[in-house]
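Have the model open while you read along.

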Amino acid sequence: MQYFDPHIHMSSRTTDDYQNMAEAGIRAVIEPAFWMGQPRTNVGSFIDYFASLVGWERFRASQFGIAHYCTIGINSKEANNEGLAREALEILPNFALKEGVVAIGEIGYDEITPAEEYVYQRQLEFAVEHDMVVMVHSPHRDKKNGIIRSIDVAREAGVPMNKLVIDHNNEETVDDVLDSGAWAAFTIYPNTKMGSERMVEVVRRYGPERIIVDSSADWGVSDPLSVPKTANLMRKGGIDEKAIELTCWGNALAAYAQSGQIDEEELAKPAVIDQRQSYNDNTVLRGQQPRVDEPVPN
């Protein structure tokens, strides 16, 4: 079975991670724009970061047989630097409409401040104007109220609920998200958020409809193999194979293919890798022999 990790921060991960993910069956990923762990000092850092998401990182993933998509947005934590956030909003259109961008995100609330709400609303307006999917980051504190507020504000902005993905859910929030008609994504993240065992029970209780499993692996203690590991735990727990396919592949594909940026037929084919390729004269090679696959016959 192929897997889709629709929330993973590969800029923070190593080439070994790409190799291990491909071996575990991960065929596609989505990398949301997020906070890199240190406050940005100028809008140029946003420009370089967004450029890497639509450029180098997409290329790097392809060299290991993984299709890389991304979302572009001003993260809620960074919205509280109001001057810089407004500058970043100005350059957002330069990247959000590029090839491979499947949503505006991850956006929403952190501390649920007026500054965060302003930046969230402006990006929702942009998404509605350009008929885009929206990926919402739910706050780590006061999560339930933050998610309810996120949904209400998105609905007021005119975002169709079938184009709204609410991430970082838990058992307390899943009813609110599913009842709204939005997609409920669950971050399988060690020590915090949602563990694999709990995720199995969520799928057992609610079924697979509009539920998405992802890893949110980043620069912290996290696991880029969370999706296949959770799928295997579902199998051991007696979850139906169709439910596993939907929560670990099909639902993410259905949600983000609404962007028009995902070629589903191409994803269904085996990856063809040619590591002789380069991006801006750089390759993923460091002295090793390049892997060059034979083209797949039509």
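Ground rules. I am working from a predicted model, where local features need pLDDT of at least 70, side-chain atom pairs count only at pLDDT 80 or more, and totals for chains, interfaces and linings use all residues. Residues are numbered from 1 along each chain as its sequence is written, and side-chain values use heavy atoms, with hydrogens and water left out.

Cores. I looked for nonpolar cores, meaning sets of buried (under 20% relative accessible area, 1.4 Å probe, protein chains only) Ala, Val, Leu, Ile, Met, Phe, Trp, Tyr and Cys residues joined through side-chain atoms within 4.5 Å. The largest has 76 residues, and F50, I72, I74, L164, M199 and M234 touch the most other members.

Loop residue. Where does N170 lie? I place N170 in the loop between β6 (164-167) and α8 (174-180). N170 counts as buried because its relative accessibility is 15%. Beyond its neighbours within four places in sequence, N170 is in contact (heavy atoms within 4.5 Å) with K143, F186, M194 and R198.

Helix α11. I noted a bend of about 50 degrees at T247, taken as the angle between axes fitted to the seven residues ending there and the seven starting there. Buried residues in α11 include T247, C248 and W249.

Notes. Helices (H or I, at least four residues) and strands (E, at least two) are DSSP runs, numbered from the N terminus. Buried means under 20% relative accessible area, exposed over 50%, partly exposed in between (1.4 Å probe, protein chains only).
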